[in-house]
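Have the sequence and coordinates open as you read.

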Amino acid sequence: MIISKNPFIFPVLLIIFFLGSSCEHHCPLPQGSFERSIEIRQDINSEGDGDAYLNSDPSLENINGSGDPHNIVGNWTRFGDPARYRSYLKIDLSEIKTSEEIVSATLLLHTKPTGADGSVPDIVNDTHDPNNVKICLVTDSWEIKTLSWVNQPSFSELLEDNIIFTVPEDFPAVIGIDVTNLVRKIAGKNKTFNNNGFLFKMAPEEAAPPYRSFVFYSANAEVTKQPYLRVQLKSNY
């Protein structure tokens, strides 16, 4: 080591050396975060595709529309008698790590404005009142093969476990629904219970008059029209 002739330089250098050596072992590392965006689609397999619509009519209450290319939500009639449609949708969220925070989550649904193969009329949003749809978190597990109106899983009606959206009057080809708070409950670092998917039903549904409905493509549709989630994630390091 070269010692300067200036008597004040050496003590200063010595202090700097010890401070640097101390931080090397004891100072906390700088904190940072990493963000990523993913799109999650339901993987169709032989066990079922993860979505189906149900009908409350007594002649249809024991079956589901799991093989159809669309899902139906509605307050309608069948041969003059009131009938209700509900749809269930479950998307595998295992791609989201338990250490990740969900910044935002949007559910993208491709609408079917020309009706659903005669199940509802061509103009599915033809109503003088708002077409409101409620999305609830499903709280029990369910199997696509046994899902029916008379065999439905339980779902939460708590305000924090559901959202209500209004189907736009212009009925765009794709509707994006903010489901951030719902997805946070079933995936990521703030997860509070298992992912059992979503239930779609009209709002209000009980004792509400026809005709109101919302039809969107299911996981059985062509790939470009299938429902999917767009999720923004953040993790700290």
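Helices (H or I, at least four residues) and strands (E, at least two) are DSSP runs, numbered from the N terminus. By that rule the protein chain has 2 helices and 11 strands. Their order along the sequence is α-β-β-β-β-β-β-β-β-α-β-β-β.

A word on the ground rules. This is a predicted model, in which local features need pLDDT of at least 70, side-chain atom pairs count only at pLDDT 80 or more, and totals for chains, interfaces and linings use all residues. Residues are numbered from 1 along each chain as its sequence is written, and side-chain values use heavy atoms, with hydrogens and water left out.

How confident is the predictor? The pLDDT (its confidence in each residue, from 0 to 100) averages 83 over the protein chain, and 77% of the residues score at least 70. Over residues 8-19 the pLDDT is below 50, and this stretch has 2 contacts (heavy atoms within 4.5 Å) beyond near neighbours in sequence. Where pLDDT is low, the predicted coordinates should not be read in detail.

Now the packing. Of the 237 residues in the protein chain, 43% are buried. Buried means under 20% relative accessible area, exposed over 50%, and partly exposed in between (1.4 Å probe, protein chains only). Among contacts with a separation of 6 or more, 80% join residues 24 or more positions apart. The protein chain exposes about 13300 Å², with carbon and sulfur atoms supplying 54% of it. That area comes from the Shrake-Rupley method with a 1.4 Å probe; for residues, only the protein chains shown count as cover.

Next, charge. Side chains of opposite charge can pair when their charged atoms come close. A salt bridge here is a side-chain nitrogen of Lys or Arg within 4 Å of a carboxyl oxygen of Asp or Glu. The whole structure holds 11 salt bridges.

Start at Glu-39. Its salt bridge with Arg-230 spans 3.4 Å, N to O. This pair links distant parts of the chain: Arg-230 sits in strand β11 (residues 228-236) and Glu-39 in strand β1 (residues 33-41), 191 residues apart. Glu-39 also forms a salt bridge with Arg-41, with the closest N and O atoms 3.8 Å apart. Glu-39 is partly exposed at 43% relative accessibility. Arg-41 is partly exposed at 34%, and so is Arg-230 at 38%.

Move on to Lys-134 and Glu-157, which meet in a salt bridge at 3.1 Å, N to O. Lys-134 lies in strand β6 (residues 132-137) and Glu-157 in the loop between β6 and β7 (162-166), so the pair ties together parts 23 residues apart in sequence. Which partner is buried and which partly exposed? Lys-134 is buried, at 15% relative accessible area, whereas Glu-157 is partly exposed, at 40%.

Finish with a network: salt bridges link Arg-84, Arg-86, Glu-205 and Glu-206.

Terms used: pLDDT is the predictor's confidence in each residue, from 0 to 100.
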